[in-house]
Structures are given as C-alpha cells and as structure tokens.
Amino acid sequence: VSLEPCSHFGKTPPCADLIVKYKIPNVVIGMIDPNEKVAGAGIKKLVESGIHVTVGVLEQDCFEVNKQFFTFHQKKRPYIILKWAESQDGFIAPDFFKNNTQKREPIWITNEFSRQLVHKWRSETQAILLGTQTVVNDNPQLSTRSWSGTNPIRIIIDQNNRISKDSYIFDNQVETIILDKNKIDFNENIVVQISQFLHNKKIQSVLIEGGSKMLQTFIDSGIWDEARVFRGGISFETGLLAPKLKAEIIKKTTILEDELLIYKNYD
C-alpha cells in the first residue's frame, strides 16, 4: 500500500483492523501517514498483531500519489495548483475591451482538447479559486461540463462585493464561497489567509485559474506547489500580460498546436 493503513475511525473504519481480521501475514507500506491521528499507530497495531511489516518502498512515487494529502497535513494548507493560458507573445487576454462597456465574447487561446483537460483537472481538485475581475469579465461557470466528474467548490475573492448576482457563480449548482472584506483582511497577506481558510474548511487541493493579479500574488508569495501553463498558437501583440514565473519546468507536452508546460515549486 502507498500509505500506512489507518488505525482510527474517519469516513471509513480502520484499515489496520481489517488487515488484522483477515490475518494478512505481510504488509509492504510505501510511506508513514503524516496525519497525527495515524502517524505510525497503524504500523504499531499490525506489528503487535504478529504481522510482518516493511516500511519505506518507492517513497517518492508514493509521495506523488498522495501529494495533496501530504501537503495538507504537513504544511497545513491545500495543495495549490496554478493554471493559466497565454498567447505566443505572453498575454492572457487582448486589450480590445479596455474602455469598452459592451459585452465581449471570449477569445480562446487554447484548443478544445486543452480546455477539456482543464475540466478534467477541475474534477480532480476539491476547490477552484478566482479573483473578482476574472469573474466580472468572463462570467465563468467553473464546472466540469466537458468531463465526467464532480464540480469543485467555487472560492471567489470579492473584496467589495462587485460581482453581479446574475453571474453563474450564484446559480446554486455548486457550493460557492465568497471571500470579501468581512472574511479576509485585505491589508494583510491574503495568500496566507486564503490558505488557512481552505485548510480550516478541510479542502486538500485548490486550482487557481485567475486572474493574472491573483496568480502573480501566489507566485510572489512562494506559496504554491504546481503550475500548469498552456501556450496557444495565437498572438495578441498587446493586452493583459501573463504572470511571470521563474521555476523548474518538469514536463512539456503538446496538444495539437498548444504547448503545456508543467512547473514545480520545491521550496
């Protein structure tokens, strides 16, 4: 097993008790559970029952499988994934809508397969976070409509409650939490406050999709774990600049004309 069998009652009964009950003679465990409710207690129960236990096998692989869980318990915050799409020349949106109050149609930087992949990512995370202006500009649904899976909890930063009540985020289809000035002190470090709030809500993973200012705030704070950046085939020449990120690229993938870059934060 990748993670130590649990020894307490949570959403399910203790795994260690089941192993003891069926007298499994040998158990190989990738990593010890960092949860303070377990933290070696499951192993102790198995050993005391006469089971041969081996601990510490393929630990890095096991950590990757359980990275959200480990981050939540060890760093006391969710696993934070940054995501954005940028043009070939480094913009996340054109500027044609500046000084224009008319409703604008979205211009897609990426192709439909890349956008479907984002919906898959949403189904794999507990929450999705956006800043005010992105919601005002794009009125996103933040759903998994192009993929089979559970819609994430919507976390929206809206200091002064500027978002229209007609927006999709108020459609009551998914749990939605608005972080305004009554929940967050915007004169203090909001990244730390958001992380603590999500941890208190037992949210183990969050996908931050924008906007550029929100993404840059997390980057500058150093409080993030992974960045997934699409680079489409389109160019804007001018517009809203993409976030600036200096980190190690661990993977490059092409999706037709799109390029997907995966970054990791090892701090």
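This is a predicted model: local features need pLDDT of at least 70, side-chain atom pairs count only at pLDDT 80 or more; totals for chains, interfaces and linings use all residues.
**Close-up views of aromatic contacts and a pocket**

View 1. At 7% relative accessibility, Trp 121 counts as buried, because the cut-off for buried is under 20% relative accessible area. Trp 121 and Phe 230 form a stacked aromatic pair, with 5.5 Å from centre to centre and 25° between the planes. Since Trp 121 belongs to helix 5 (residues 112–124) and Phe 230 to strand 9 (residues 226–231), the pair ties together parts that are 109 residues apart in sequence. Phe 230 is likewise buried, at 1% relative accessibility, and Arg 228 lies over the face of Trp 121, at 4.7 Å from the ring centre.

**View 2. A cluster of Phe 63, Phe 69 and Phe 70, linked by ring pairs.** The structure holds 3 aromatic pairs, and one of them, between Phe 63 and Phe 70, is tilted, with 5.4 Å from centre to centre and 50° between the planes. Phe 63 is partly exposed, with a relative accessible area of 26%, whereas Phe 70 is buried, with a relative accessible area of 2%.

**View 3. Arg 115 and the ring of Trp 108.** The charged end of Arg 115 sits over this ring, 4.4 Å from the centre of the Trp 108 ring.

**View 4. The second largest pocket, with a volume of about 760 Å³.** Among the 23 residues lining this pocket, those closest to its centre are His 8, Asn 35, Phe 69, His 73 and Gln 204. Helix 4 (residues 67–74) gives the most to the lining, with 3 residues, and by class the lining has 8 nonpolar, 8 polar and 7 charged residues.

Note on methods
Residues are numbered from 1 along each chain as its sequence is written. Side-chain values use heavy atoms; hydrogens and water are left out. On a 1 Å grid over the protein atoms alone, a cavity is a set of points where a 1.4 Å probe fits but cannot get out, and a pocket is an open set with protein on both sides within 12 Å along at least five of seven lines; lining residues have an atom within 4 Å of a point. Grid points are joined across faces, edges and corners, and a volume is the space filled by probe spheres set on the points. Helices (H or I, at least four residues) and strands (E, at least two) are DSSP runs, numbered from the N terminus. Ala, Val, Leu, Ile, Met, Phe, Trp, Tyr, Cys and Pro count as nonpolar, Asp, Glu, Lys and Arg as charged, and the others, Gly among them, as polar. Rings of Phe, Tyr and Trp (its six-membered ring) pair if their centres lie within 6.5 Å; planes under 30 degrees apart count as stacked, over 60 as edge-to-face and the rest as tilted. Buried means under 20% relative accessible area, exposed over 50%, partly exposed in between (1.4 Å probe, protein chains only). A charge sits over a ring if NZ of Lys or CZ of Arg is within 6 Å of the ring centre and within 35 degrees of the ring normal.
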